Amino acid sequence: MSSAHTLQRFKRDGRVVIVGASLAGLRAAEALRGEGFTGSLTMIGDELGEPYDRPPLSKQVLTGWVPAGGTTLPRRCDIDAEWLLGVPADGLDLAADQVRLADGRRIPFDRMLIATGVRARPWPVEEEAALDGVFVVRTREDADGLQRAIAAGPSRVLIIGAGFTGSEIASVCRERGLPVTVAELGPAPLVGGLGAMIGEVAADMQRAHGVDLRCGVRVTRLEGDAHGRLRRAHFSDGGTVDAEVAVVALGGIRNTEWLRDSGLAVGVWGVACDAGCRAFDLNGLVTDDIFVAGDVARSPNPVYEYRFISLEHWANAVEQAEIAAHNMVSTQADRWPHLSIPAFWSIQFGVNIKSVGVPTYADEVVVAQGSVSDRRFVAAYGYQGRVTAAVSFNNAKWLDHYRRLIETAAPFPPPCPTPDQPVDAKPVPVDFPGPTLLAQGATVVVTGHDPGGRRVTAVRQGR
Amino acid sequence: MRVVVDLSRCQGYAQCAFLAPDAFRMHGEEALMYAPNPDDAQRGQVLRAAAACPLQAILVDRLEERDAPVGTSPS
Ligand SMILES: Cc1cc2nc3c(=O)[nH]c(=O)nc-3n(C[C@H](O)[C@H](O)[C@H](O)COP(=O)(O)OP(=O)(O)OC[C@H]3O[C@@H](n4cnc5c(N)ncnc54)[C@H](O)[C@@H]3O)c2cc1C
Ligand code: SF4
């Protein structure tokens, strides 16, 4: 599909299939129509109902303000698509250009987008995960069940994993006056995403709000009663806690299994693609008709030395969807790269936490302005003497300033942009836990290699 | 009606919370919480809030937006 003529024909009456009918899928569909694509558009999704927004699930929904079903996403335009919902795709046949559905149907396409996101990592022991009172939070149904369980006023809620989602849920439960225990294998909350220094701040914040925070422990067993209801949790340090509700917040698993035999470059960190969202095949060749966007994408970022980065950020899903859609209907010369600096937010314990850049791509961190004890500050991250990320606690209006420092590879530590130089403005080592911990709960991961990846064997064809 | 706020863009200026307090609230000093699917009765308020956001961070459903003031949502 190289000539401009063929492209025009494709735009007029080509077939696009989008697998994954959530944030990235919907935004890509809207962008395709916005770019003048008038051909057939098929949305495949394993969830029922219209695309909805997930961030409110662990915030507005759990506080009881908004019902779980009430986060349907607005539409920018009528996408005029055929919706195949409630059935997962379970294979991709690149030779025939067809997506296989679990019910046996085969859906042909000219170009397709993979936007299957991640799912919650379940509690590893099946019988324990099935106990009444044990939850994960990824879907509307999950949030609905948990909201009901906490509204019933359980004697104690146990949160397993103190990444962003776990910490947000702990915060909501405390707001609702519930006793909360948080168990975290790492040395502090948020440590996988933001490192040890911010982890300490987050730990203080949780304790100040009455959370029974236990770090450096693993939950070894969830114990139920004769009726299959959760009663107690056992910890690796020999401790136990009685709880009626447990929330498993151990991060996500990328939904890539259905692509295992597709010939695409797929691994635990997602589907590898170029900066223009075009998927790579197993040999590292870029495909021209298969695109990837959102949480399931793993793409190189020039700002971070072309390292492959996997993100679980809302804004990234929106941006990649728009870039993938644009590139799908453009010639090589008109394609856009995804060059933006990652951005993330979280709301917990009354504090607005925001980040720009890739905090895990750092060797040092410094409080660049404000005061940690007031929980109103910006911390800057640096790698080999240049600014690579920044995180703000109740100080978000400064992040654009740091975004520009990142974009221009400004020297680290950066000068304080305001006269009120913080007292603790000395860089310290950033100190992230190892990759196994990082995989659980961090929302951005620099993926140097795939621990579970298969090796590619070079085979000489012919002769 | 359906609303989503791009909170990566939002800078907590609270204009929206002032104009449509039932749909937008501040949580703590600068975090915004909003009702993603507010009641249709709040429509006028929400559209005014979207139009007033200095960062154009509030997206309102286009399908229902026929009577909205121009430029209420980012494109
Ligand atoms: C509780 C919670 C809170 C969050 N809070 C924040 C926040 O504060 N800030 C922030 O930046 N981000 C936050 N996020 C992350 C944000 O929601 C994601 O980055 C975003 O949803 C990614 O969109 P996506 O479309 O790529 O993937 P998803 O939203 O995961 O959508 C993928 C869709 O594909 C479907 N699917 C999977 N496999 C198949 C298959 N084989 N066939 C068909 N369909 C399939 C899935 O069921 C799902 O509907 C939060 C996420 C959660 C769960
Ligand atoms: S007006 Fe805009 S920037 Fe201000 S709080 Fe509302 S959404 Fe955020």
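How many residues does the contact take from chain B and from chain A? The points below answer this and then turn to the salt bridges.

1. The model under discussion is predicted. In this model, the contact draws 29 residues from chain B and 33 residues from chain A. Together the two chains bury about 2700 Å², and 56% of that area lies on carbon and sulfur atoms. On the side of chain B, B:Arg2, B:Ser8 and B:Glu30 supply 22% of the area buried against chain A, more than any other three residues.

2. Chain B itself is built from two helices and four strands. Read from the N terminus, its elements follow the order β-α-β-β-α-β. Chain B has 75 residues, of which 55% count as buried. Where contacts in chain B join residues at least 6 apart in sequence, 54% of them link residues at least 24 apart. Its accessible surface amounts to about 3400 Å², with 50% belonging to carbon and sulfur atoms.

3. Polar interactions also cross the interface. Between chain B and chain A, 13 residue pairs are in polar contact, with both residues at pLDDT 80 or more. The strands β1 (3–5), β2 (24–27), β3 (31–34) and β4 (58–60) of chain B each supply at least two residues of the side that touches chain A. The largest share, four residues, comes from β3(B). By class, this side of chain B has 14 nonpolar, six polar and nine charged residues.

4. Two salt bridges are found across the interface of chain B and chain A. In one salt bridge, the side chains of A:Glu50 and B:Arg2 meet at 2.8 Å, N to O. B:Arg2 is also one of the three residues named above for their share of the area that chain B buries against chain A.

5. A:Glu50 has a further partner within chain A: its side chain meets that of A:Arg75 in a salt bridge (2.8 Å, N to O). A:Arg75 lies in the loop between α3 (60–63) and β3 (82–85) of chain A, and A:Glu50 in the loop between β2 (40–45) and α3, so this pair ties together parts that are 25 residues apart in sequence. A:Arg75 counts as buried, at 8% relative accessibility, whereas A:Glu50 counts as partly exposed, at 33%.

6. Another salt bridge in chain A joins the side chains of A:Asp93 and A:Arg106 (3.7 Å, N to O). Because A:Asp93 belongs to strand β4 (residues 89–93) and A:Arg106 to strand β6 (residues 106–108) of chain A, the pair ties together parts that are 13 residues apart in sequence. A:Asp93 is partly exposed, with a relative accessible area of 22%, and A:Arg106 is partly exposed at 40% relative accessibility.

7. A:Arg232 and A:Asp242 also form a salt bridge, with their closest N and O atoms 2.6 Å apart. A:Arg232 lies in strand β14 (residues 230–235) and A:Asp242 in strand β15 (residues 240–242) of chain A, so parts 10 residues apart in sequence are tied together by this pair. A:Arg232 counts as partly exposed at 24% relative accessibility, and A:Asp242 is partly exposed with a relative accessible area of 43%.

8. Over all chains, the structure holds 29 salt bridges. Salt bridges also link A:Arg111, A:Asp274, A:Arg278, A:Asp288, A:Asp289 and A:Arg335 in a network.

Definitions and conventions:
Residues are numbered from 1 along each chain as its sequence is written. Chains are lettered from A and ligands numbered from 1 in the order in which they are written. This is a predicted model: local features need pLDDT of at least 70, side-chain atom pairs count only at pLDDT 80 or more; totals for chains, interfaces and linings use all residues. Side-chain values use heavy atoms; hydrogens and water are left out. Buried means under 20% relative accessible area, exposed over 50%, partly exposed in between (1.4 Å probe, protein chains only). Contact means heavy atoms within 4.5 Å. Accessible areas come from the Shrake-Rupley method with a 1.4 Å probe; for residues, only the protein chains shown count as cover. Buried area is the accessible area (1.4 Å probe) that two parts lose on being put together, summed over both. A salt bridge is a side-chain nitrogen of Lys or Arg within 4 Å of a carboxyl oxygen of Asp or Glu. A polar contact is a pair of N or O atoms within 3.5 Å; within protein, one must be able to donate a hydrogen and the other to accept it, and residues adjacent in sequence count only if both atoms are side-chain atoms. Ala, Val, Leu, Ile, Met, Phe, Trp, Tyr, Cys and Pro count as nonpolar, Asp, Glu, Lys and Arg as charged, and the others, Gly among them, as polar.
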